[in-house]
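Let's take a look at a protein chain together. Have the sequence and the 3D view open as you read.

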Amino acid sequence: MLPPWSIPCLLLLRRPGLAAAPLLSSPISTALRLASTRTRTRTPSTPEPTAPAETTAPAAVGWQSQLITPIERVGKGKSFRMRTYKPRTPGLRHLKRPVEDHIWKYGPYLPLTFPKKGMAKGGRNNSGRITVRHRGGGARRRIRTVDFHRLEPGPQKVDRIEKDPGRSGHIALVTNEASGKKTYILAADGVRAGDIVQSYMAGVPPELMAAMGGKIDPGMLAAKTCWKGNCLPLHMVPIGSIVHAVGSKAGGPAVFCRSAGTYASIVAKDEKTKTVVLKLQSGEVRRVSRWAPATIGVVSNPTWQHRQLGKAGRSRWLNIRPTTKSGYKTRRPKKINTYVVTPRPRNHGKRRTKH
């Protein structure tokens, strides 16, 4: 007779999967083998981690269905984000634009604009001669009046960041907190609506001078003034800083580094000649006045150079006409002396001989 503890083990033999298994010579040894197997399977196993349930966004409706999530593009050691579109039309297949979700979606501040019309749209000067080729047509646009002097002191609040059809970089509409005057300035990369920018072209403010103890502390002055979007004279900017919208003379407007993504670095300061040495992105080294204006940071919209228009019609919207490669047959002959009339060959009714 078997012991009571072996009865559950013998009942396992009646399972369908174990009925065909060969029995051992002894029922007790078979019960012990099955009991040991059952004991090993009772060891608790660690539960596998379950992945969180993925939440699917609702399908977009209308024109939003053409948008694709901004993807990461990597090229020449730099990573940037570009927006692509579903190829609903041939013009959208190769269209790539920078991600500009922070840009103002409506019209400009009209008191600071005037319409661009007349011969300027066709690349003509005041006498009607073509001075810039391959210009004409395009959408109607208004020229934004941008302040490149930045002479008005005091803190200015950034109302919004706008696109300017006349330039590659973005512009910022700022309001002077003291006077309430609105102006357009060149937006630095990273400046957003609600930020405070300031111009120190009129000198160090009295409250900042009092905070430094009545004398100029270069370290504290740089920490308080050298922020993105602030405009300073070049002698107040530390060596090695990155600046844009740089002027060439005292009291003059910014003339260097005004395109999208451009900047210059301060190399040295010459106290004897009262100049500052700048190094541009092209490698050119320039010497400008130490009282010339400069804005801290890089010009906004640095990924502008990677955009793709997608179709030829988009170039025509931007006032760009096609460029042809001909020119030799239509080129005007050069005359050294315009007062000497060179007679052209005439056959005078005679048949020319073929050479």
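## The core

A nonpolar core is a set of buried Ala, Val, Leu, Ile, Met, Phe, Trp, Tyr and Cys residues joined through side-chain atoms within 4.5 Å. Buried here means under 20% relative accessible area, with a 1.4 Å probe and protein chains only. This is a predicted model, where local features need pLDDT of at least 70, side-chain atom pairs count only at pLDDT 80 or more, and totals for chains, interfaces and linings use all residues. Residues are numbered from 1 along each chain as its sequence is written, and side-chain values use heavy atoms, leaving out hydrogens and water.

So who's in the middle of things? The largest nonpolar core has 21 residues, and those touching the most other members are L232, L234, V237, V243, V246, I266 and L278. Strand 14 (264-270), strand 15 and strand 17 (293-296) each give two or more residues to this core. Strand 15 has the largest share, with three.

Now zoom in on L234. Skipping neighbours within four places in sequence, its contacts (heavy atoms within 4.5 Å) include V246, I266, L278 and V288.

## A hairpin to spot

Strand 15 (residues 275-280) and strand 16 (residues 285-289) run antiparallel, joined by five bridges. Strands are DSSP runs of E, at least two residues, and helices are runs of H or I, at least four, numbered from the N terminus. Two strands pair if DSSP finds at least two bridges between them.

V276 has V288 as its bridge partner in strand 16. Four residues sit between the strands of this hairpin, and G283 takes a positive phi near 95 degrees.

## The whole chain

Zooming out, the protein chain has seven helices and 17 strands. Of its 355 residues, 31% count as buried.

Technical notes. Buried < 20%, exposed > 50% of the residue type's maximum accessible area, 1.4 Å probe, protein only.
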